[in-house]
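This briefing concerns an annotated site and the local geometry of selected residues. The sequence and structure are displayed first.

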Amino acid sequence: MPTWTLHTEFKFDAAHFIDGYDGKCGRMHGHTYKVHISAKSHELNPSKYLKSADMVCDFKELKWAASDSKKGGFDHSVLNEEIPVATTAERIAEYIHKETVKRIPGNIELKVTVWETDTSWVEYTDQDV
Ligand SMILES: [Zn+2]
């Protein structure tokens, strides 16, 4: 079966604290988060910017979280004010996945990886792995 997989990476700077955490992560601090999104599809789609069915989806639809928090992204935000769930890397990845799905065609499998530091990251997908 023909299969295309888009990959994109971006970073954003944000502050957060983990509510209820008994330790230093419970205090406000910041990270440069890195995010990798892969988008896999067996067919190509049109997009808001291209009428013909020649792309999995627009890269820019995958990168919304990289934009300024005043423009709907997470850059230079306090994550606790932006997302309605705990700000663990696990929940951030799940939230980015959920919000990205709303922006792209329904035939795409997404995987979201969030690095909180260079050496600590989490992958999230809603597929069985
Ligand atoms: Zn942290």
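**Histidine residues in the model**

At 24% relative accessibility, His-29 is classed as partly exposed, because that class lies between buried (under 20% relative accessible area) and exposed (over 50%), using a 1.4 Å probe and protein chains only. The model is predicted: local features need pLDDT of at least 70, side-chain atom pairs count only at pLDDT 80 or more, and totals for chains, interfaces and linings use all residues. Residues are numbered from 1 along each chain as its sequence is written, and side-chain values use heavy atoms, with hydrogens and water left out.

**Annotated site**
- An unreviewed UniProt entry places the feature "binding site" at His-16, His-29 and His-31; such annotations may be inferred rather than shown by experiment.
- These residues are spread over 16 residues of sequence, yet they cluster in space, with a largest C-alpha distance of 8.1 Å.

**Strand β2**
- His-29 lies in strand β2 (residues 29-41), where a strand is a DSSP run of E with at least two residues, numbered from the N terminus.
- Not counting residues up to four places away in sequence, His-29 touches Ala-14, Ala-15, His-16 and Lys-24, contact meaning heavy atoms within 4.5 Å.
- His-31 is also found in strand β2 and counts as buried at 15% relative accessibility.
- With residues up to four places away in sequence not counted, the contacts of His-31 include Phe-12, Asp-13, Glu-116 and Thr-117.

**Backbone at His-76**
- His-76 has a positive phi of about 55° although it is not a glycine.
- Most residues other than glycine have a negative phi.
- His-76 counts as exposed at 60% relative accessibility.

Notes: Helices (H or I, at least four residues) and strands (E, at least two) are DSSP runs, numbered from the N terminus.
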